[in-house]
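Dear colleague,

Please find the structure below, with its sequence.

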Amino acid sequence: CKLGLISLISMLFLTLQLLFLALFPGAFDCCIKISDEIPKGILRRVKRFEIQKADGLCHLEAVILHMKGKKFCVNPRNRKVKKMMKKMKHKIHRSKFHIRKQRRTRITKEKEQKQ
């Protein structure tokens with residue numbers, strides 16, 4: 001009878017774990033530790049970054065740096081990290097503007113050729 005009770009409790013625990021994972025898929029992607037210092041070589045290889053807020057499931061404010069198959073959790077108040085984030089945001093805005101400008105130029109040229 002004790003064996004049946006133990007297996008029932010373990011099945012219930014496993015079911016609750018699976019339910020938690022289904023309801024909160026990002027719960028285990030939180031940074032639990034952050035680095036204050038980060039080498040420049042790592043900052044140069046960052047493909048993208050995301051900001052982890054200290055609300056909800058994650059209890060630590062951090063910047064998650066994504067590289068080829070790796071993630072680094074760093075302090076969002078780090079001067080080098082702030083500079084890198086600003087540079088990457090500027091690069092994104094500049095490239096979007098450049099694409100719009102090229103498209104406008106192409107449309108204008110097509111209109112001129114029709115006339």
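**Findings**

Three helices and three strands make up the secondary structure of the chain; helices (H or I, at least four residues) and strands (E, at least two) are DSSP runs, numbered from the N terminus. Along the sequence, their pattern is α-α-β-β-β-α. The model is predicted, so local features need pLDDT of at least 70 and side-chain atom pairs count only at pLDDT 80 or more, while totals for chains, interfaces and linings use all residues. Residues are numbered from 1 along each chain as its sequence is written, and side-chain values use heavy atoms, with hydrogens and water left out.

Of the 115 residues in the chain, 21% are buried (under 20% relative accessible area, with exposed over 50% and partly exposed in between; 1.4 Å probe, protein chains only).

Strands S2 (residues 62-67) and S3 (residues 70-74) pair in the antiparallel sense over five bridges; pairing requires that DSSP finds at least two bridges between two strands. In this pair, His66 stands opposite Lys71 in S3. The hairpin has two residues between the strands, and Gly69 takes a positive phi near 65° there.

Lys40, Arg44, Arg79, Lys80, Lys83 and Lys87 form a positive surface patch (residues with over 30% relative accessible area and no salt bridge, like charges being joined within 9 Å; a salt bridge is a side-chain nitrogen of Lys or Arg within 4 Å of a carboxyl oxygen of Asp or Glu). Helix H2 (40-44) and helix H3 (79-114) each give two or more residues to this patch, and H3 gives the most, with four. Lys40 lies in helix H2 and counts as exposed because its relative accessibility is 55%.

With kind regards

Key: Patches are made of residues with over 30% relative accessible area and no salt bridge: like charges are joined within 9 Å, nonpolar side chains (Val, Leu, Ile, Met, Phe, Trp, Tyr) within 5 Å. Accessible areas come from the Shrake-Rupley method with a 1.4 Å probe; for residues, only the protein chains shown count as cover. Lys and Arg count as positive and Asp and Glu as negative; His and the chain ends are not counted. The place of a charge is taken as NZ of Lys, CZ of Arg, CG of Asp or CD of Glu.
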